[in-house]
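Subject: Structure for your review

Dear colleague,

Please find below the structure that I am handing over to you. I would be grateful if you would look through it alongside the notes that come after it.

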Amino acid sequence: MIDINRVLCPIDFSPFSERALTYGMKLASWYGARLQVLHVMPLLPPSSGNDLAASSRQLTARNLLSTIDRFRLADV
């Protein structure tokens, strides 16, 4: 059997990526692997300012944690 230590699951908060996250959790659980969830934010225009960028990062971090918590398996 193949030895899998880490599973990478990119998400964009769409229903399709939530299905991928569910599958990634099950895969990580099956192999006893660590699951790493990735979300890439689009670049903001330079004129948007640091406050907007910081609030956007905070909102994305909250969404990421919320999504992970909804689909979390006990052993992953």
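The notes below set out what was found.

This is a predicted model, in which local features need pLDDT of at least 70 and side-chain atom pairs count only at pLDDT 80 or more, while totals for chains, interfaces and linings use all residues. Residues are numbered from 1 along each chain as its sequence is written, and side-chain values use heavy atoms, with hydrogens and water left out.

Strands and the helix between them

Helices (H or I, at least four residues) and strands (E, at least two) are DSSP runs, numbered from the N terminus. Strand E1 covers residues 6–10, and strand E2 covers residues 34–38. The two strands run parallel and are joined by five bridges; strands are taken to pair if DSSP finds at least two bridges between them. Val7 has Leu35 in E2 as its bridge partner, and Pro10 has Leu38 in E2.

Together with helix H1 (residues 15–31), E1 and E2 form a right-handed β-α-β unit. Right-handed here means that, with the strands pointing away from the viewer, the path from the first strand over the helix to the second runs clockwise.

Buried means under 20% relative accessible area, exposed means over 50%, and partly exposed lies in between (1.4 Å probe, protein chains only). Val7 counts as buried because its relative accessibility is 9%. Leu35, its bridge partner, is also buried, with a relative accessible area of 16%. The C-alpha atoms of Val7 and Leu35 are separated by 4.8 Å, although the residues are 28 apart along the chain. Between Val7 and Val37, 30 residues apart along the chain, the C-alpha separation is 8.4 Å.

The nonpolar core

Which residues make up the largest nonpolar core? The ten are Val7, Cys9, Ile11, Leu21, Met25, Ala28, Ala33, Leu35, Leu64 and Ile68. A nonpolar core is a set of buried Ala, Val, Leu, Ile, Met, Phe, Trp, Tyr and Cys residues joined through side-chain atoms within 4.5 Å. E1, H1 and helix H2 (49–71) are the elements that give two or more residues to this core. H1 supplies the largest share, three residues. In soluble globular proteins, nonpolar side chains tend to be buried together.

The nonpolar surface patch

Leu8, Leu38 and Val40 make a nonpolar surface patch of about 300 Å². The area comes from the Shrake-Rupley method with a 1.4 Å probe; for residues, only the protein chains shown count as cover. Patches are made of residues with over 30% relative accessible area and no salt bridge, with like charges joined within 9 Å and nonpolar side chains (Val, Leu, Ile, Met, Phe, Trp, Tyr) within 5 Å. Leu38 belongs to strand E2 and is partly exposed, at 37% relative accessible area.

Salt bridges

How many salt bridges does a search of the whole structure find? The search finds two, a salt bridge being a side-chain nitrogen of Lys or Arg within 4 Å of a carboxyl oxygen of Asp or Glu. In one, the side chains of Arg70 and Glu18 meet at 2.8 Å, N to O. This pair links distant parts of the chain, with Arg70 in helix H2 and Glu18 in helix H1, 52 residues apart. Arg70 is exposed, at 52% relative accessibility.

In the other, Arg72 and Asp69 meet at 3.4 Å, N to O. Arg72 is partly exposed, with a relative accessible area of 46%, while Asp69 is exposed, at 52%. Side chains of opposite charge can pair when their charged atoms come close.

Two loop residues

Phe13 lies in the loop between E1 and H1. Its phi is near 70 degrees, a positive value in a residue other than glycine. Most residues other than glycine have a negative phi. Phe13 is partly exposed, with a relative accessible area of 25%.

Pro45 is in the loop between E2 and H2 and is partly exposed, at 46% relative accessible area. Pro45 and Ser29 are 16 residues apart in sequence and 40 Å apart in space, C-alpha to C-alpha.

With kind regards
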